[in-house]
Amino acid sequence: MTRTITVGLDGSPASLAAADWAAHEAQLRDLPLRLVTAWEWQAPAFAPATGLGVPVPPSDLQRASAQHLLAQARCRVGETRPGLRIDTDEIPGLPVPALLKAAEEAELLVLGSRGLSKAAGYLLGSVSHAVLASCERPVVLVRAAEHGEEEAPAVNSAREVSAVSGHRDVVLGLDLHKPNDAVIDFAFDAASRRAVRLRIIHGWTLPPYYYGGALMPDLNDGMVKQVRSELSDVLRPWQDRYPTVDVHAQATIGGAGRHLVDASYDAALVVVGRQNRRAVVGTHIGPVTQALLHHAVAPVAVISHD
């Protein structure tokens, strides 16, 4: 079975930005691009006669609208990438199960996300969040390159950022306590394909060793050296596998989430992991990944792992 780079479309500027990003990724990986959309992107109507909550089947108009959306997106992408194989598929049903089904045959799934609001910086929508929480394939979330009220503060326009993102670092959020091969390999591979530097960020907390109210410098220096040594040990096999990738690893004091958000302002891609486990309510994503997804500027790749 031929793997694809699959994009979920809903007609929003964010999903079209995702299609553009995915087309570039498909060319980097020499894979076909698959554009998919569900017939019902809004909540379905329910049959009032039965009262049993049975969804009404999508109408011919809904299907025609989905086909038109796919045709427009295919034309848009094909104009700039004439050699790229582009497949389209409209899937009946609700968007979350449709996208999860489509992802089963994908190398990675790409979704659009809302831009950053000045008030809260929310990046995820309900569909993206639900798909991300359950998808076993890598998922990349791409924000729309738009001007206006949702423009990110204190940064050039998203369109300007996008225009130079090919020359910017790939950033990896690395947990030294639970390093995962799939997450690390995805980041190294992404940096290698783009011929850019890989910046690795590990957040850690310094224990409060105080003597007379002052932090003991010898213990401080020793712990910093220990963390750097652990980083070097974890990364050595990957640096041997990807010798052309320039690696810059940094251990930052404090939670990794804030540092990853800061790094996203001038990154081509931010890569994080998501452990597959169920929370008490819903599906667990993790606080660092959650913070990054709500505030990141660059595209975010979330790699699920056991």
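Two strands pair if DSSP finds at least two bridges between them. Helices (H or I, at least four residues) and strands (E, at least two) are DSSP runs, numbered from the N terminus.

This is a predicted model, in which local features need pLDDT of at least 70, side-chain atom pairs count only at pLDDT 80 or more, and totals for chains, interfaces and linings use all residues. Residues are numbered from 1 along each chain as its sequence is written, and side-chain values use heavy atoms, with hydrogens and water left out.

**Stop 1: the sheet**

Select strand β11 (residues 267-275) and strand β12 (residues 300-305). These two run parallel and are joined by 6 bridges. Within this pair, look for Val272, which stands opposite Val302 in β12.

Now widen the selection to the whole sheet. It is open and has 10 strands, ordered β3-β2-β1-β4-β5-β12-β11-β6-β7-β10, with mixed pairing. At the edges are β3 (86-91) and β10 (247-253), each of which pairs on one side only. On average, neighbouring strands of this sheet are turned by 25° against each other, direction ignored. For angles and distances between elements, axes are lines fitted to C-alpha atoms, for helices over the stretch in contact, and angles run from 0 to 180 degrees between N-to-C directions.

**Stop 2: helices on the sheet**

**Stop 3: α3 against α4**

Keep α4 and select helix α3 (residues 95-103). Their axes come within 9 Å and cross at roughly 40°. That makes α3 oblique to α4 (angles under 35 degrees count as roughly parallel, over 145 as roughly antiparallel, 65 to 115 as roughly perpendicular and the rest as oblique). The crossing of α3 past α4 is right-handed, a term used if the near helix is turned clockwise from the far one by less than a right angle.

Show side chains for Pro95, Val96, Leu99 and Leu100 of α3, and for Val127, Ala130, Val131 and Ser134 of α4; these make the contact. By class, there are 7 nonpolar residues, 1 polar and no charged. Here Ala, Val, Leu, Ile, Met, Phe, Trp, Tyr, Cys and Pro count as nonpolar, Asp, Glu, Lys and Arg as charged, and the others, Gly among them, as polar.

**Stop 4: α1 against α2**

The crossing is right-handed. Leu16, Ala19, Asp20 and Ala23 of α1 meet Ala73, Arg76 and Val77 of α2. This contact has 5 nonpolar, no polar and 2 charged residues.

**Stop 5: α1 against α6, and Glu25**

Select helix α6 (residues 181-194). It packs with α1 at an angle of about 85°, the axes being 10 Å apart. That makes α1 roughly perpendicular to α6. Trp21, Glu25, Leu28 and Arg29 of α1 touch Phe186, Asp189, Arg193 and Arg194 of α6. By class, this contact has 3 nonpolar, no polar and 5 charged residues.

Finish on Glu25, in helix α1. Is Glu25 buried or exposed? Glu25 is buried, with a relative accessible area of 2% (buried means under 20% relative accessible area, exposed over 50%, partly exposed in between, with a 1.4 Å probe and protein chains only). Leaving aside neighbours within four places in sequence, Glu25 is in contact with Ile5, Leu108 and Arg194.

How values were computed: Contact means heavy atoms within 4.5 Å.
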